[in-house]
Amino acid sequence: MPQLRDAAARGTALVIGCGALARELVEVTATLPGVDVACLTPDLHNRPGGIPGAVRARIHEARRDGYERIFVAYADCGTGGLLDPVLASEGVERLPGAHCYEFFAGSPMFAAMAADEPGTFWLTDFLARNFERLVIRGLGIDRHPELLSTYFAHYTRVVFLSQTDDPDLLVLARRAADRLGLAFEHRPTGVANLAAPILAFAARGARDGAPN
């Protein structure tokens with residue numbers, strides 16, 4: 001997990017992100033001077049009700065550490081709209097959209113794909129890499145194989161939204177689709193749609209230096 005740098009070397013801005021985005025956030029911010037990254041545990045993926053409180057606590061910690069500007073690299077991410085009031089009260093913005101699938105693909109493309117086939121199970125690089133842990137073991141399918149047909153009765157395909165050109169991850173994603181007995185599609189997305197709002201946040205800080 002990306003960690004804060006030594007106090008003397010810290011920047012003035014902090015991106016607080018989901019641990020499932022850690023690799024991508026490090027890549028996006030690598031060339032942004034004065035912008036640090038801190039990630040919360042990706043296990044919040046499986047208990048999104050804990051995201052608003054965890055984000056608020058991390059914002060307060062960041063401010064105690066002296067960060068003047070903060071950006072939250074979460075979408076709504078299953079909080080049912082509960083994250084936005086927290087961010088509004090803290091005066092902090094977040095990534096647009098409902099979840100990582102939407103901001104990786106871009107809202108228009110995601111909406112089109114979802115409308116084309118509502119019974120889609122989405123994978124990102126992180127989820128392809130951690131499919132066994134988060135899906136098979138996380139949902140108890142390893143212990144109760146009969147649950148697979150219950151959980152996935154209404155799914156027809158797996159769509160892998162890949163952030164990198166990694167043949168090993170493509171193999172893992174195809175293997176996940178086979179494990180679920182679903183058709184497979186691969187849609188490379190890269191990280192441009194994730195990067196755009198973070199780059200805009202950094203640019204505003206460089207331009208006017210206003211605290212968030």
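Colleague: Which residues lie nearest the centre of the second largest pocket?

Modeller: This is a predicted model, in which local features need pLDDT of at least 70 and side-chain atom pairs count only at pLDDT 80 or more, while totals for chains, interfaces and linings use all residues. Residues are numbered from 1 along each chain as its sequence is written, and side-chain values use heavy atoms, with hydrogens and water left out. A pocket is an open set of points on a 1 Å grid over the protein atoms alone, where a 1.4 Å probe fits, with protein on both sides within 12 Å along at least five of seven lines; lining residues have an atom within 4 Å of a point. The second largest pocket has 13 lining residues, and those nearest its centre are P33, V35, A202, G205 and A206.

Colleague: How many charged residues are in the lining of the largest pocket?

Modeller: The largest pocket holds about 620 Å³ of space, a volume being the space filled by probe spheres set on grid points joined across faces, edges and corners. Its lining has 27 residues, with H45, N46, Y101, F121 and L127 closest to the centre. Asp, Glu, Lys and Arg count as charged, Ala, Val, Leu, Ile, Met, Phe, Trp, Tyr, Cys and Pro as nonpolar, and the others, Gly among them, as polar. By class the lining of the largest pocket has 22 nonpolar residues, five polar and, for charged, none.

Colleague: What type of aromatic pair do F121 and Y155 form?

Modeller: Rings of Phe, Tyr and Trp (its six-membered ring) pair if their centres lie within 6.5 Å; planes under 30 degrees apart are stacked, over 60 edge-to-face and the rest tilted. The whole structure has seven aromatic pairs. In this one the centres are 5.8 Å apart with 80° between the planes, hence edge-to-face.

Colleague: Is F121 buried or exposed?

Modeller: Buried means under 20% relative accessible area, exposed over 50% and partly exposed in between (1.4 Å probe, protein chains only). Y155, at 30%, is therefore partly exposed. F121 has 15% relative accessibility, so F121 is buried.
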